Amino acid sequence: MMIAGMLGLLIGSFLNVVIHRLPQMMQREADNYLAHESGQELPHQQPYNLLTPRSTCPSCGTPVAAIHNIPVLSYLMLRGRCAHCKVPIPARYPSVEILSAALSALTIGQLGLGAHGLMALVLVYFLIALSFIDARTQLLPDSLTLPLLWLGLLVNLSGLFTPLHAAVLGAMLGYLSLWTIYWLFRLATGKEGMGYGDFKLMAALGAWLGWQALPLILLLASALGAVVGIALVLLKKHSSGQTLPFGPYLALAGLLMLLYGADLLSKFNLGLY
């Protein structure tokens, strides 16, 4: 478990890069597409992806020295501030690293160090990245949700988490369930209650965990979202008409089903496993 936690710290550092850069990469692609469609000449741009350029301070743009890029420890050494401009570093960075470490240790402790546990870690890391991106931007990128969906079907070719037929049905029903709720809500209110990325994330969870897990995932995600939404309104940190990203609650519900699915289904008398 300690080794899993250390690995989680390192992966968490990379997840911070994904969370920060992927939305910007999407925006850059969108801007380039619109410029191309309008006949504008595209300006020369330096490569910008998950590997290039080096990490920099979000405030002053100074490259982060290797000694200042050690997960969590560097944040503590710098007292949460950039070494160059002294502007506070967002708490999200150590939070993602600590969360990744904790969930890595928990996942391996619960599922073991075999294929089951290792592939579960992959799902956990995807869910962390998707949750933080959705919380920041209300986007669930196809570049994460679609590979996660196909990977879920792939790992279940041998029934690692659920039989293949249950995984295929899970992917189909996961997408259709939220698609149906979306259109019923839109027809009733004229508003969009969620985004298409939520459909794809639900499909991915169905592909990994099977159709049997979907009802409880939806129930847990809805309950969690309602509790948090009501709390934010009462604390006056959120208006009643403002939408909340649903992805983090789907991810948390999926994580609970990944680690404790059989027990939860038993307690809810859903005996579908």
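Helices (H or I, at least four residues) and strands (E, at least two) are DSSP runs, numbered from the N terminus. The model is predicted, so local features need pLDDT of at least 70 and side-chain atom pairs count only at pLDDT 80 or more, while totals for chains, interfaces and linings use all residues. Residues are numbered from 1 along each chain as its sequence is written, and side-chain values use heavy atoms, with hydrogens and water left out.

**Exercise 1. Describe the packing of H4 with H5.**

Step 1. Two packed helices are described by the angle between their axes and the distance between the axes. Axes are lines fitted to C-alpha atoms, for helices over the stretch in contact, and angles run from 0 to 180 degrees between N-to-C directions.

Step 2. The axes of H4 (residues 115-137) and H5 (residues 142-155) cross at roughly 160° and come within 11 Å.

Step 3. Angles under 35 degrees count as roughly parallel, over 145 as roughly antiparallel, 65 to 115 as roughly perpendicular and the rest as oblique. H4 and H5 are therefore roughly antiparallel.

Step 4. On the H4 side, the contact includes Met119, Phe126 and Ile133; on the H5 side, it includes Leu144, Thr145 and Val155. By class, the contact has eleven nonpolar residues, one polar and no charged. Ala, Val, Leu, Ile, Met, Phe, Trp, Tyr, Cys and Pro count as nonpolar, Asp, Glu, Lys and Arg as charged, and the others, Gly among them, as polar.

**Exercise 2. Describe the packing of H4 with H7.**

Step 1. The axes of H4 and H7 (residues 196-209) are 12 Å apart, at an angle of about 165°. H4 is therefore roughly antiparallel to H7.

Step 2. Met119, Leu123, Leu127, Leu130 and Asp134 of H4 meet Asp198, Leu201, Leu205 and Trp208 of H7. Seven residues of this contact are nonpolar, none polar and two charged.

Technical notes
Contact = heavy atoms within 4.5 Å.
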